[in-house]
Amino acid sequence: MNTPKRYLITAALPYANGLKHIGHLAGAYLPADIYVRYLKAQKRDVVFVCGSDEHGTAIPIQATKEGTTAQAIIDKYHPIIEQNFKDLGIQFDIYHRTSDPLHHETASAFFKDLESRGDLETKTTEQYFDEQANTFLADRYIKGTCPNCAHTEAYGDQCEKCGKSLSPEELINPVSTLSGNAPIKKETTHWYLPLNRHEDFLRKWLLEQHASDWRPAVIGQCKSWIEGGLQPRAVTRDLDWGVKVPVAGGDGKVLYVWFDAPIGYISATKQWALNNDKDWKPYWNDPETKLVHFIGKDNIVFHCIIFPVMLKLHGNILPENVPANEFMNLEGDKMSTSRGWSIEMDDYINKWIKKENGGESLADCLRFYVNSIAPESKDSEFTWKGFQDAVNGELVSIFANYVNRTWVLMHKLTKGKVPKIHTEFLDEDDRALLVSVTETKEKVTALLEQYKFREAQFEVVNLARLGNQYMQKKEPWILAKNLDTDPTAQAKIDNCMHGCLQLTANLAILINPFLPFTAKKMCHLMKVVDRMLEWENAGKFDLLKVGYSLRPPELLFRKIEDEEIAAELAELKANAEAKKNKMETTNTSSAAANTDQTNELGIAPLKPEIVFDDFGKIDLRVGTIVEAKKVEKTDKLLELLVDLGFEKRTILSGIAMHFNPEDIVGKQVTIVANLAPRKMRGIESKGMILMAEDAQGKLYFVSPSEAIASGSTIA
Ligand SMILES: [Zn+2]
């Protein structure tokens, strides 16, 4: 196998219209990150690009829903998603955005280039038009019944129920999502990418050249697209949100989001090159570059058919592989943010990682479980019980247990130092341990090169399992009891502990692509620098020098408790229930009218009706803020001391972006006084401060009209 000169790795650009869930993580970002970390440990020349996809109709629609502008939506979600990835250890070289002028320039030039060479065609057709809103209805601006599954809420580009991609013409009983009216047909001219002209190329490139080295499911989907007959595909839309069509006749039109988004990989590479004083061109033009796209299966057609045709026409290299993943379901159902049946990355980070000291290990726990059920060849299922079993049963009781036993024994039996080897006492087991390390390295390397990340991770944990067996067989703690009677005992203990320590160093190198926070912590325990994690060091048994003293033991992972799992399950069900109620409420006619009105004014829709007893359970009080300070290492949290008359309480509030601590001391506020305490960042918060929020997201305290005694009731 020839080693490519350089690598360009892309992960699907997440759509910046909301939070992303762990199904997204499993689909593209985690496998891409594992691969990139492995390549970097191999000291290969690699650039890992990603960024927010900020065009398309879903963004302005989301803006209407939230009573704000499209720009405000992307400015809200882009930084959150970027930070979420960082917190989970997904280490892009650049996280760009398609609203950036550099991207507009790049996408625009790409389009012009194809257009000027006659690689695009124009066609005038009749398309759906909303007379009241005076606009054409592209993609998500039109809804109707799915011809495939009869779902009544299918969009003009896709049915979210059955997943079929659609055109507006295919919808039964189409209506405008802007006015709710039935649309009329009106003529409009658009540019098309004539895929039909490239059938021979696609057949040869996909169905012959890559028939055996790409995943069968990917090739299968491509094949059915090609066999189904390739049609010219519109690459422009009548919209005002997106990259303007840069040629004559393009007024009021933008590039179709699926034309401009993948070009985002190129503009991201350009921005990375600018930031690092490099040349971006060889990454897209030199055939010695290996380009790999990591995506979920819903993006196969774009990355395997449409974008490659665009790249070929534009004179760029083609992807060497597109290891698309299937879907990860959740507790027996499809993951869906809109139905409340999902685990948002942001929620996991706030509830698990940020809540405790050393919470990074919980980022690795999620990475570990998600990769251990990676949907590489078929859909898989995330369950909280499965998460608990994977962490407790493998990370805690095999991997961490091995490292911890080694550290404890080394401090007890070899004075906390790396003991020397007594060659005359080395035996079969010692030699077998070394062989296992070399073999594991070979297996893991081969599996990673074939994008088989879950199996690769399994092999690393299995090596720790072998380490436990080796230690169990050697029983250095028994040898230690015979030091007075057996003159060879110390030598045998030294050999065993030496082997166990070198194995730990090897485990750190091999686990690093999967669990980077853990590898770092292991380096800390071994008092070595990150450079030890370079892949070429795996298989060596002299990584830790004889006589070197190591740090005291520290646990790598903690157990996941039954109560934590039960709480997650309860919350998942409650969320789904709440979303369902909300949908049912908005579906009744009076509420729907109400919602339309509130949406237009930028006011949140009403929650479902409650009875007086529901309200009566809430104990609201007037409190006076007596102290306020920022919680360290967070952007959002303020720690407040609030006087309630009968006591002073600590309450955490996520308002640090809105208020300076010194400005709010003395303010009277409304407190939910009987809310169950909640621990965040190691601080217990007892109660909640009520805030009013306007359509622009600005926050206001809810205060009595004049100063009154702290602790006064509100009802
Ligand atoms: Zn459908």
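**Exercise 1.** How many residues does helix α16 have, and what distance does α16 reach from its first C-alpha to its last?

*Solution.* The model is predicted. Helix α16 covers residues 489-511 and has 23 residues. From its first C-alpha to its last, α16 reaches 33 Å, close to the 33 Å expected at 1.5 Å a residue.

**Exercise 2.** Determine how α13 and α16 are oriented relative to each other, and identify the residues in contact.

*Solution.* Begin with the axes: those of α13 and α16 come within 10 Å and cross at roughly 5 degrees. Angles under 35 degrees count as roughly parallel. The two helices, α13 and α16, are therefore roughly parallel to each other. Next, list the contact: α13 contributes D430, L433, V437, T440, K441 and V444, while α16 contributes N495, G499, L503, N506 and L510. Sorted by class, the contact of α13 with α16 has five nonpolar, four polar and two charged residues.

**Exercise 3.** Locate T414 and decide whether T414 counts as buried or exposed.

*Solution.* T414 lies in the loop between α12 (384-413) and α13 (428-449). A residue is buried if 20 or more other C-beta atoms lie within 10 Å of its own. T414 counts as buried because it has 21 C-beta neighbours inside 10 Å. Leaving aside neighbours within four places in sequence, T414 is in contact with P419, I493, D494 and M497. A further pair is T414 and H498, which are 84 residues apart in sequence and 9.4 Å apart in space, C-alpha to C-alpha.

**Exercise 4.** Describe the packing of α3 against α10.

*Solution.* Helix α3 (residues 70-87) and helix α10 (residues 345-353) pack at an angle of about 50 degrees, their axes being 9 Å apart. This angle makes α3 oblique to α10. The crossing of α3 and α10 is left-handed. The contact is made by I80, N84 and D87 of α3 together with M345, D346, I349 and I353 of α10. By class, the contact of α3 with α10 has four nonpolar, one polar and two charged residues.

**Exercise 5.** Which residues of α14 are buried, and what covers them?

*Solution.* Helix α14 (residues 453-474) has 22 residues and reaches 32 Å from its first C-alpha to its last. Its buried residues are F453, A456, Q457, E459, V460, V461, L463, A464, G467, M471 and K474. The elements covering the buried residues of α14 include α1 (22-41), α11 (360-372), α12, α13, α15 (476-479) and α16. Just after α14, E475 takes a positive phi of about 45 degrees.

Notes
Residues are numbered from 1 along each chain as its sequence is written. This is a predicted model: local features need pLDDT of at least 70, side-chain atom pairs count only at pLDDT 80 or more; totals for chains, interfaces and linings use all residues. Axes are lines fitted to C-alpha atoms, for helices over the stretch in contact, and angles run from 0 to 180 degrees between N-to-C directions. Helices (H or I, at least four residues) and strands (E, at least two) are DSSP runs, numbered from the N terminus. Angles under 35 degrees count as roughly parallel, over 145 as roughly antiparallel, 65 to 115 as roughly perpendicular and the rest as oblique. A crossing is left-handed if the near helix is turned anticlockwise from the far one by less than a right angle, and right-handed if clockwise. Two residues are in contact if their C-beta atoms, placed from the backbone, lie within 7 Å. Ala, Val, Leu, Ile, Met, Phe, Trp, Tyr, Cys and Pro count as nonpolar, Asp, Glu, Lys and Arg as charged, and the others, Gly among them, as polar. The expected span of a helix is 1.5 Å times one less than its number of residues. A residue is buried if 20 or more other C-beta atoms lie within 10 Å of its own, exposed if 12 or fewer, and partly exposed in between; C-beta atoms are placed from the backbone.
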